[in-house]
Amino acid sequence: MSDIRHYDVIVSPVITEKSTLVSDNNQIVFNVAKDASKPEIKAAVEGLFGVKVKAVNTLVRKGKIKRFRNFSGKQKDVKKAIVTLAEGQSVDVTTGV
């Protein structure tokens, strides 16, 4: 897989309170493309950050309907990947790639 495709697979890191709690378990959370598969996500993380990935778990958060005054809108569906790194591996997602 080319290096440019890696940037298409991984959209952004998720930096929330919950995602920083899972970093204690040697895990990182990323927003990924909807059509990305687990092997593609694994190859993208290993290629971009130079780490060994142990496992990849994915989930799709369905978009919600939100109202603001008289207007209603729908948030988009978001696919997230929880990447478990091998022992001794770490990635600092706050610095950027």
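Predicted model: local features only at pLDDT ≥ 70, side-chain atom pairs only at ≥ 80, totals over all residues.
1. Helices and strands here are DSSP runs, numbered from the N terminus; a helix needs at least four residues and a strand at least two. With that in hand, Arg69 is found in the loop between strand S4 (65-68) and strand S5 (71-74). Phi of Arg69 is positive, at about 55 degrees, although Arg69 is not a glycine. Most residues other than glycine have a negative phi. Arg69 counts as exposed because its relative accessible area is 69%, and the cut-off for exposed is over 50%.

2. Asn26 has a positive phi, near 65 degrees, and is not a glycine either. Asn26 is placed in the loop between H2 and S2.

3. Now the overall layout. The protein has three helices and six strands. Along the sequence the pattern reads α-β-α-β-α-β-β-β-β. The C-alpha atoms fill a box of roughly 50 × 30 × 25 Å, taken along the principal axes.

4. The protein has 97 residues, of which 29% count as buried. Its accessible surface comes to about 6,700 Å², and carbon and sulfur atoms hold 52% of that surface. Among contacts with a separation of 6 or more, 57% join residues 24 or more positions apart.

5. Which residues lie closest to the centre of the largest pocket? The largest pocket has a volume of about 210 Å³. Its lining counts 15 residues, and the closest to the centre are Ser23, Gln27, Ile28, Val91 and Val93. Helix H2 (17-22) and strand S2 (27-32) are the elements that give two or more residues to this lining. The largest share, three residues, comes from S2. By class, the lining has eight nonpolar and seven polar residues, with no charged ones.

6. The second largest pocket holds about 170 Å³ of space. Its lining is made up of Val14, Thr16, Lys18, Ser19, Val22, Val29, Leu59, Lys80 and Ile82. H2 and strand S6 (78-85) each supply at least two of the lining residues. H2 gives the most, with three residues. Five of the lining residues are nonpolar, two are polar and two are charged.

7. Side chains of opposite charge can pair when their charged atoms come close. How many salt bridges does the structure hold? The structure holds two. One of them joins Arg5 and Glu40, with the closest N and O atoms 3.5 Å apart. This pair links distant parts of the chain, 35 residues apart: Arg5 is in helix H1 (residues 3-9) and Glu40 is in helix H3 (residues 38-49). Arg5 counts as partly exposed because its relative accessibility is 25%. Glu40 is also partly exposed, at 23%.

8. Lys74 and Asp77 form a salt bridge too, and their closest N and O atoms are 3.7 Å apart. The cut-off used for a salt bridge is 4 Å. Is Lys74 buried or exposed? Lys74 is exposed, because its relative accessible area is 57%. Asp77 counts as partly exposed, at 25% relative accessibility.

9. Asp77 also turns up in the surroundings of Arg61. Leaving out residues up to four places away in sequence, Arg61 touches Gln75, Lys76, Asp77 and Val78. Arg61 lies in strand S3 (residues 53-61). At 29% relative accessibility, Arg61 counts as partly exposed. Arg61 and Ile10 are 51 residues apart in sequence, and their C-alpha atoms are 16 Å apart in space.

10. Last, Ser37. Where is Ser37 found? Ser37 sits in the loop between S2 and H3. Phe49 lies twelve residues from Ser37 along the chain, and the C-alpha atoms of the two are separated by 18 Å.

Technical notes. Residues numbered from 1 in each chain as written. Heavy atoms only, no water. 1 Å grid on protein atoms, 1.4 Å probe; cavity = no way out; pocket = protein on both sides within 12 Å on 5 of 7 lines; lining within 4 Å. Points joined across faces, edges and corners; volume = space filled by probe spheres on them. Nonpolar A, V, L, I, M, F, W, Y, C, P; charged D, E, K, R; others polar. Salt bridge = Lys/Arg side-chain N within 4 Å of Asp/Glu carboxyl O. Buried < 20%, exposed > 50% of the residue type's maximum accessible area, 1.4 Å probe, protein only. Contact = heavy atoms within 4.5 Å. Areas by Shrake-Rupley, 256 points an atom, 1.4 Å probe, with all protein chains shown as cover.
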